[in-house]
Amino acid sequence: MRIGAHVDATDPLEEAALRKADAVQFFLADPQKDWKTPQPRTDADQLRDSEVDIYVHAPYIINLATTNNRIRIPSRKLLLGHARAAVAVGAKGLIVHGGHVTAGDDLATGFANWRKAFAQATEAGGHGLPVLVENTAGGDNACARRFDNLARLWDAVGEYGVGFCLDTCHAHAGGEDLLDIVDRVLAITGRIDLIHANGSRDAFNSGRDRHDNLASGTIDPQLVVAAVRAAAAPVIVETPGGVVGQAADIAYLRDHLGR
């Protein structure tokens, strides 16, 4: 089982070494505002050749579900651009949030928009690596907060080989119990490709996406360990505290998993 952390993109391999991580996840551009296709990285060869597993997180601004054409259409292009840039650095997956529709819009339209995005990408030659849909923490109009909606999303896109990233903080804050979560996810998706093993600063079903370290916050860390063990998937911690905080979380998981 490979365990790592979300790190600054400047020198991901150095960040991995500092945390004694087997894997790293990072952004290829500003996740909040950059709509441009990422520029080639000068360290692409080193990243591809490294023994550290590489994951890329797509920008938060991507929303494939929305009915707003000025966001949805650029989102499709941006996801494809990030996917191809992720392939160039040897990434094993590109993580993207489940998105949402505008209040008052039918969620069915959001699922249909997801399907169109993958159909168009397939016609254009595909993304080139697994796109991992991540469950989200908040919003009544979200496509991947509640697992009943996740099932509808998978009905729309599952045939395109889409993967799944399970975030423990998002599940907890989104109102999904961690106790049997892996079984419930697998019943829907048939796969868990990556786990974001995060604590939560906020209460169950709060709808608030604020991560905490595993030994603190409102989630029993043994529930996180149990989910990681059951999924047997690679793990990324997206927890606070920089090198010290994330290294402690990685060590905690290894100690309690017997790795």
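**A loop residue, then the packing**

Modeller: Asn 205 has 36% relative accessibility, so Asn 205 counts as partly exposed (buried is under 20% relative accessible area, exposed over 50%, partly exposed in between, with a 1.4 Å probe and protein chains only). This is a predicted model, where local features need pLDDT of at least 70, side-chain atom pairs count only at pLDDT 80 or more, and totals for chains, interfaces and linings use all residues. Residues are numbered from 1 along each chain as its sequence is written, and side-chain values use heavy atoms, with hydrogens and water left out.

Colleague: Where does Asn 205 lie?

Modeller: In the loop between strand S8 (199-200) and strand S9 (211-212). Helices (H or I, at least four residues) and strands (E, at least two) are DSSP runs, numbered from the N terminus.

Colleague: And what's phi of Asn 205 near?

Modeller: Near 65 degrees, a positive value in a residue other than glycine. Most residues other than glycine have a negative phi. Ala 232 has a positive phi too, near 55 degrees.

Colleague: Is Ala 232 buried or exposed?

Modeller: Exposed, with a relative accessible area of 59%. Ala 232 lies in the loop between H8 and strand S10 (235-237).

Colleague: Switching to helices: how do the axes of H8 and H9 cross?

Modeller: Helix H8 (residues 221-231) and helix H9 (residues 242-257) have axes that come within 10 Å and cross at roughly 70 degrees. Axes are lines fitted to C-alpha atoms, for helices over the stretch in contact, and angles run from 0 to 180 degrees between N-to-C directions. H8 and H9 are therefore roughly perpendicular (under 35 degrees is roughly parallel, over 145 roughly antiparallel, 65 to 115 roughly perpendicular, the rest oblique).

Colleague: Which residues make the contact?

Modeller: From H8, Pro 221, Gln 222, Val 225, Val 228 and Arg 229; from H9, Tyr 252, Leu 253, His 256 and Leu 257. Contact means heavy atoms within 4.5 Å.

Colleague: Last one: which residues touch the most other members of the largest nonpolar core?

Modeller: Trp 114, Ile 181, Ile 192 and Leu 253, out of 69 residues. A nonpolar core is a set of buried Ala, Val, Leu, Ile, Met, Phe, Trp, Tyr and Cys residues joined through side-chain atoms within 4.5 Å. Helix H5 (residues 147-157) gives this core its largest share, six residues.

Colleague: What is Trp 114 in contact with?

Modeller: Leaving aside neighbours within four places in sequence, the partners of Trp 114 include Leu 64, Val 96, Cys 143 and Leu 153.
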